[in-house]
Amino acid sequence: MKEAQKIIDLNQADPQKFRSWNFLQDFCITCGLCASSCPASGIDGFDPRKVVRMVSLGLEQELVDSKFPWICTMCGKCEEVCPMQINIPDLVRSIRGLRDRDKVPGTLHKGLQAALKTGNNLGLPKDDFIFILEDVGEEIAEEPGFEGFKVPIDKKGANVLTTVHNKLVNTQNEDLKHWWKIFYAAGEDWTIPSDNWEGTNWGYFTGDDEAMKTMTGRILENMRRLEVKTLLWPE
Amino acid sequence: MTRETIIFGQGFCADEIRRRLDAFGCPVATAIAHRNTQGSGQKAPEPEAQVYFVYDRLLACSGSSGDLTLLASVEGKIVQRKAAAVILTGEGDREPDFAAYGLSGGGAVMSLGELRSLSDSAEKMAAKLKGVKRVAFLTGVAREKVPAVCEEVMRMAMRLQSENGMQTFIYTRNLKVAGWGLEALYRETRMAGVVYIKLSQPMPEITIEDGRPVITCQDDISHETFRLRPDLTVVDETLMPPAGLDELAAVFQIQRDEQGFAQSDNVHRLTVATNRHGILAAGPVRSALVAGRHDQRLDAANAAAAVLGEVLGKKVVAEDAAEIDTGQCVRCLTCYRLCPYRAVVLRDEQPVVDPLVCERCGICAAECPALAIRLPGFERSSIGDDIAQGRSADPQAEAPFIVAFCCGRSAAPAARLASMMGRRLPARLKIIEVPCAGSVSREFILEAFTRGADGVMVLTCHTGNCHSEKGNRHARSRAAEIRSLLPLVGIDKERLTTATLASNMGAEFARLVDSFSAELEKRATRTGSAVGSETA
Amino acid sequence: MAQFPKNVMVIGGGVAGLATALTLSDLGIRVDLVEKSDFLGGHAIRFACKATDECVKCGACMVEEKLGQAVADPSIRLLTGCRIENIERNGRFKADLTRRPAYIDADKCTACGLCYRDCPEGAVHRGYSASTRPFYAVDVAHCLQFKDQSCRRCIEVCPEDAISLSGEPQKLTCEADAVVVATGFDAFRPVSKPYGYGRFKNVVTSLEMEDILRENGAPVRPTDGEPARKMAFIQCVGSRDASLGHLWCSRICCGTSMRMARMLKHREPELEVTFFYIDIQTFGRDFDSVHRRIQEEMRLVRAIPGDIYENEDGGLKVVHQDVDSGESVKEDFDLVVLSVGLTPAEGTQEVAGLLQLRTADWENPFGEAVVPEGVFLAGAVAGPMGIADSVADAGRAALEVRGYLDGKPGGK
């Protein structure tokens with residue numbers, strides 16, 4: 001049995017608080033399939049069944065203050081097994097979105113803020129970005145079979161536009177080469193934008209719909225600007 | 001001229017039965033205990049609407065299906081009333097579980113039944129529940145309930161939630177959705193905003209604060225501890241047999257179940273039968289499980305079908321009913337007392353078996369201290385001869401000679417099933433099939449040993465599964481008696497065994513007789529046909 | 001007494017069909033009971049007795065009793081192995097039936113079981129009730145003689161000369177004044193669940209468990225024939241499941257599994273049983289006290305497991321939430337029983353098509369149905385129910401048939 005816990009006063013709770021949420025959370029029959037399948041069940045007392053329960057009881061403050069929504073990896077296994085098809089990952093995400101931004105754990109919001117401000121999570125200036133890309137491009141051009149390789153940056157009318165994960169221009173530059181070599185060997189007509197090139201969208205993880213819209217909007221803007229019809233967005 | 005069916009009890013099921021029987025032109029009378037019509041809630045007879053049988057006291061009921069005779073005192077006189085059938089029905093009582101929660105009714109605590117009557121009028125309910133914002137329902141927490149009760153709670157909560165703008169909380173242990181449409185209903189209630197709190201152990205802590213209960217408990221699912229002080233607490237009910245049933249059951253000599261309902265908890269009685277032909281029990285009066293309207297409708301239909309079947313006259317007279325030899329009979333009335341079907345009646349102070357009622361269980365014959373009753377086909381001498389024949393069929397064989405008295409409803413079909421399944425049964429197994437283990441008397445068991453059985457088995461139905469209610473227990477207690485006496489005549493008591501079976505237990509039958517045979521093989525075969533001594 | 005000269009066709013030889021036929025017979029009506037398989041009794045005839053040292057009212061023996069009574073009743077004509085080709089309606093119903101030849105002669109067969117034992121393809125099926133005649137039947141789909149005339153083993157071993165693997169199907173007509181549809185249910189086949197059903201031999205459904213118990217009297221593992229020592233029951237498999245379109249409780253599974261478990265523990269007290277459940281449903285009259293005993297006798301876990309993996313020895317790892325620690329754990333079991341739900345029978349759709357019948361959706365069983373005049377439903381065809389309820393429903397249906405045949409209004 002659990003230790004003596006804080007007692008939740010249902011006279012103060014408003015179970016109808018999350019009425020407007022349509023993740024089918026009201027269909028829950030507390031079967032526990034989600035809890036059984038979740039890889040994070042048990043960490044600090046978390047399990048997805050509890051989270052759905054707390055939403056049903058309208059325990060907004062408890063949920064906002066709780067670590068639970070942030071322990072979830074949003075892998076989606078719970079949703080897969082749920083017999084009532086409750087969209088638990090999106091439910092968790094919405095709870096995340098309720099928290100004050102300055103209380104969002106770790107670097108998630110900080111990275112997002114940088115991205116909103118500068119176009120990428122690192123706040124990497126444009127010139128530095130281009131320099132790194134061209135540097136890697138030159139290394140590829142030195143390899144046999146890849147003579148003449150050049151990184152096409154801001155190429156108008158290309159066939160494919162690809163975004164870039166910030167880690168690839170930070171600590172893992174080498175991993176840029178895999179994509180690029182494939183493009184080259186396939187004879188693909190591709191390009192990378194020099195502004196707003198960030199592929200990650202941490203508003204997804206912090207429950208920030210506005211930020212998600214903005215980041216996505218910028219990628220679309222790039223596509224319009226460069227008149228590219230196909231987007232490769234691996235992140 | 002069709003005799004009437006007399007219905008004891010009022011309410012939905014009674015009305016349904018009447019409706020069904022009316023449709024077939026079967027005459028119906030409603031029995032009313034006269035003293036009850038003054039001011040205790042039972043409707044006074046309406047002229048023209050129905051036929052009534054009004055009585056002061058019911059005294060006795062004899063006969064069987066199609067030909068029942070009720071004896072009652074009516075306005076100081078003893079009257080007889082004939083009936084084709086008697087149906088016990090009625091609403092059953094509902095006792096609120098207040099005490100189980102340490103609560104008492106009144107004020108901010110109500111029973112489900114009170115709320116139900118209140119809900120007949122929307123205005124009354126709104127007025128009485130004015131100012132109520134939060135309502136807690138306690139259902140199936142102190143005691144597990146049936147789906148019909150849970151359904152009522154869910155519907156009531158949903159109504160208060162959607163029509164009266166209250167926030168409802170349903171506290172339960174196991175949510176009962178095992179009824180048609182209840183899973184969908186649960187969903188509807190959730191969509192209306194009803195909150196469920198599921199508990200396992202222990203009981204919630206309920207205290208009183210300022211005249212209102214405060215419920216503190218740990219929710220099974222979230223492991224959080226919740227505290228609620230509702231404006232109204234509704235406690236559910238335990239379904240009980242109706243108050244007047246004790247008297248009726250005694251007069252009609254109906255066997256009841258452990259909770260006191262008017263039908264024993266025995267699958268042979270399904271759906272609406274009792275231990276007596278022609279006396280039926282329908283609706284909540286027969287079991288707490290028959291609570292909802294749907295179930296009551298089915299009971300009513302089955303009762304009507306039973307009556308109609310009787311009217312159409314498919315009754316077969318038992319040609320070989322038990323017979324009492326009036327010369328031998330000492331009028332101890334043991335048979336009269338023991339007959340589960342009330343087939344022994346008194347005619348001119350002589351017990352006589354009514355062949356229309358007798359089910360040939362043989363309990364009377366086996367228990368008669370004067371050995372004055374015979375069940376044709378099952379007498380000691382004929383059984384003895386049968387056994388002797390079985391033994392001599394293969395006199396060279398070395399396998400133990402086993403006599404198994406097998407109840408015709410359980411062990412005997414199980415034995416047949418075992419053979420058909422290809423199980424090899426002991427080589428010298430002699431099965432004596434009897435209509436009911438209740439007919440296996442002490443004399444039969446001793447006869448088997450007398451005729452040379454190395455081992456005797458008495459195989460009966462499971463406890464609670466005997467068509468005669470107690471035939472199996474009679475048989476087993478007789479066997480236990482004999483078992484303890486066997487060493488006095490030099491027979492190892494391990495040579496007599498009992499077991500219970502059902503008709504579909506072929507594999508178990510085979511294993512049972514096989515292991516008994518193996519046990520017997522360890523002992524010396526008994527010699528000769530006379531009871532002799534043997535080394536232990 | 002006058003015989004009421006009407007005939008009713010009851011479609012389906014399970015407990016509801018048998019009980020309807022018997023009540024119809026009591027009401028003076030002749031019955032043609034049509035069953036597509038070789039054996040009467042439906043699913044329930046295969047159930048094991050769940051008594052401990054006393055009867056637990058599971059009802060399995062009642063199915064046996066009904067079957068025995070129906071076989072003995074001269075007013076009931078039992079037609080097994082029948083396919084209904086067509087049903088015409090012209091006031092009365094006229095059904096064209098095709099009846100499979102009885103390759104094993106009921107009059108000659110003594111149920112010795114040699115054909116069953118010796119058939120190389122396992123193409124001889126065995127019945128479940130001592131009242132079933134014949135007790136054995138040939139499954140043409142697997143019989144080599146029918147495939148390529150290559151085997152006559154059963155004919156050779158039969159000491160009674162009761163088997164002939166030849167014969168033409170019989171064409172029959174059944175004329176009836178009313179029809180009762182008692183086609184029952186299909187059990188959910190849990191192949192879509194991550195429990196390894198169909199691949200891991202020691203993961204069985206509750207119905208398969210009944211067969212094992214009927215055969216062995218003990219929970220014998222399919223892999224090694226040894227009795228299991230640690231069993232898991234997973235409830236609600238295929239029930240209470242909107243993603244499958246099964247938004248209903250199947251009603252009988254809690255009672256069946258718990259009675260089964262108590263019986264097994266009674267026979268073998270060392271057996272460890274764990275129940276994975278959502279809400280335990282009431283069964284039996286004294287459920288409150290039985291529930292208390294169950295909580296003492298076995299381990300109840302209020303969470304349905306996620307995945308099951310198989311160990312090298314055929315044992316199983318069941319992934320579930322440990323409700324104390326809250327963690328998802330992998331626990332070993334010898335044998336896992338999936339309490340599968342009841343679903344509408346496929347056979348019902350065929351029959352419904354022949355009758356212009358539309359049954360209600362099981363998610364809303366009191367909802368709209370189209371039941372033509374003269375057609376009646378009995379038992380689990382219309383929604384999940386157990387043996388006692390099927391018998392009660394059958395009684396109701398028989399009464400309504402009688403009312404209809406009498407031409408009386410208000411019979412329904």
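Q: What makes Glu433(B) partly exposed?
A: Buried means under 20% relative accessible area, exposed means over 50%, and partly exposed is in between (1.4 Å probe, protein chains only). Glu433(B) has 35% relative accessibility, so it counts as partly exposed. The model is predicted: local features need pLDDT of at least 70, side-chain atom pairs count only at pLDDT 80 or more, and totals for chains, interfaces and linings use all residues. Residues are numbered from 1 along each chain as its sequence is written, chains are lettered from A and ligands numbered from 1 in the order in which they are written, and side-chain values use heavy atoms, with hydrogens and water left out.

Q: Why is the pair Glu433(B) and Arg416(B) called a salt bridge?
A: The term asks for a side-chain nitrogen of Lys or Arg within 4 Å of a carboxyl oxygen of Asp or Glu. Between Glu433(B) and Arg416(B) the N to O distance is 3.2 Å, so the pair meets the rule. Glu433(B) is in strand 24 (residues 429-434) of chain B and Arg416(B) in helix 12 (residues 411-420) of chain B, so the bridge ties together parts 17 residues apart in sequence. Helices (H or I, at least four residues) and strands (E, at least two) are DSSP runs, numbered from the N terminus. Arg416(B), with a relative accessible area of 37%, is also partly exposed.

Q: Why is Lys177(A) called buried?
A: Its relative accessible area is 10%, which is under the limit for buried, so the word applies. Its salt-bridge partner is Glu174(A), at 3.1 Å from N to O. Glu174(A) has a relative accessible area of 47% and is therefore partly exposed.

Q: What makes Ile78(B) exposed?
A: Its relative accessible area is 58%, which is over the limit for exposed, so the label holds. Ile78(B) is placed in strand 6 (residues 77-83) of chain B. Together with Leu59(B) and Leu71(B), Ile78(B) makes a nonpolar surface patch of about 240 Å². Patches take residues with over 30% relative accessible area and no salt bridge; like charges are joined within 9 Å, and nonpolar side chains (Val, Leu, Ile, Met, Phe, Trp, Tyr) within 5 Å. The areas come from the Shrake-Rupley method with a 1.4 Å probe, and for residues only the protein chains shown count as cover.

Q: How do you know that domain 1 and domain 2 of chain A are in contact?
A: Contact means heavy atoms within 4.5 Å. Five residues of domain 1 of chain A are in contact with eight residues of domain 2 of chain A. The domains span 10-99 and 124-232, with bounds from an automatic or database domain assignment. About 500 Å² is buried between them, buried area being the accessible area (1.4 Å probe) that two parts lose on being put together, summed over both. One salt bridge is found across this interface. Arg93(A) forms a salt bridge with Asp209(A), with the closest N and O atoms 2.8 Å apart.

Q: What makes up the interface of chain C and chain B?
A: The contact takes 82 residues from chain C and 71 residues from chain B. About 6,200 Å² is buried between the two chains, and carbon and sulfur atoms give 55% of that area. The rule finds nine salt bridges across the interface. Glu508(B) and Arg267(C) meet in a salt bridge at 2.9 Å, N to O, which is within the limit.
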